[in-house]
Amino acid sequence: MPGRIVEIVDAANAIAIADVAGVRRKVGLTCILEDGATPESCIGDWVLIHVGFAMSRIDEAEAKATLAMLAALGEEDELAAWAPPR
């Protein structure tokens, strides 16, 4: 799922907040941090998220195209899964 890193909540453990289609969730950044990079360097980056971890960086066009494709395919349930339980 594509998301954009908007905040760092635990720099020591490389935990960030990602915005996925308007829903914000915690994600781990350890898989995308290169040697010497700080979690703060990821703010604003688009990433592919899987099971709570940012797996790779992607560009904004790819992220938006993927989100649009999911919506067009009727995958609102997948996007809704990111929303907190009510």
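**View 1. The cysteines C31 and C42.** A search of the whole structure, a predicted model, turns up zero disulfides. The cut-off for a disulfide is two cysteine sulfur atoms within 2.5 Å. In general, a disulfide is a covalent bond that joins the sulfur atoms of two cysteines. C31 is partly exposed, at a relative accessible area of 44%. C42 is buried, at 0%. Buried means under 20% relative accessible area, exposed means over 50%, and partly exposed lies in between (1.4 Å probe, protein chains only).

Residues are numbered from 1 along each chain as its sequence is written. Local features in this predicted model need pLDDT of at least 70, side-chain atom pairs count only at pLDDT 80 or more, totals for chains, interfaces and linings use all residues, and side-chain values use heavy atoms, without hydrogens and water.

**View 2. The chain as a whole, with two helices and five strands.** From the N terminus, the order is β-β-β-β-β-α-α. Helices (H or I, at least four residues) and strands (E, at least two) are DSSP runs, numbered from the N terminus. Of the 86 residues in the chain, 31% are buried. The chain exposes about 5200 Å², and carbon and sulfur atoms supply 54% of that area. Accessible areas come from the Shrake-Rupley method with a 1.4 Å probe; for residues, only the protein chains shown count as cover. Among contacts between residues at least 6 apart in sequence, 42% join residues at least 24 apart. Contact means heavy atoms within 4.5 Å.

**View 3. The largest nonpolar core, with 19 residues.** I5, A16, V27, L29, I32, V47 and I49 touch the most other members. Strand 1 (2–10), strand 2 (15–20), strand 4 (46–50), strand 5 (53–58) and helix 1 (60–72) each supply at least two residues of this core. A nonpolar core is a set of buried Ala, Val, Leu, Ile, Met, Phe, Trp, Tyr and Cys residues joined through side-chain atoms within 4.5 Å. Leaving out residues up to four places away in sequence, I32 touches C42, V47, A54, M55, S56 and R57.

**View 4. I15 in strand 2.** I15 is partly exposed, with a relative accessible area of 24%. Its C-alpha atom is 4.7 Å from that of G28, 13 residues apart along the chain. Beyond four places in sequence, I15 is in contact with I8, V9, D10, K26, V27 and G28.

**View 5. A nonpolar surface patch of V51, F53 and M55.** Together these residues have about 300 Å² of accessible area. M55 sits in strand 5 and is partly exposed, at 41%. Patches are made of residues with over 30% relative accessible area and no salt bridge; like charges are joined within 9 Å, nonpolar side chains (Val, Leu, Ile, Met, Phe, Trp, Tyr) within 5 Å.

**View 6. The three salt bridges.** A salt bridge is a side-chain nitrogen of Lys or Arg within 4 Å of a carboxyl oxygen of Asp or Glu. D45 pairs with R57, with the closest N and O atoms 2.7 Å apart. This pair links distant parts of the chain: D45 is in the loop between strand 3 (23–28) and strand 4, while R57 is in strand 5, twelve residues apart. D45 is partly exposed at 22%, and R57 is partly exposed at 35%. D19 meets R24 at 3.6 Å, N to O. R24 counts as exposed, at 51%. K64 pairs with E60 at 2.8 Å between the closest N and O atoms. Both lie in helix 1, four residues apart, about one turn of the helix.
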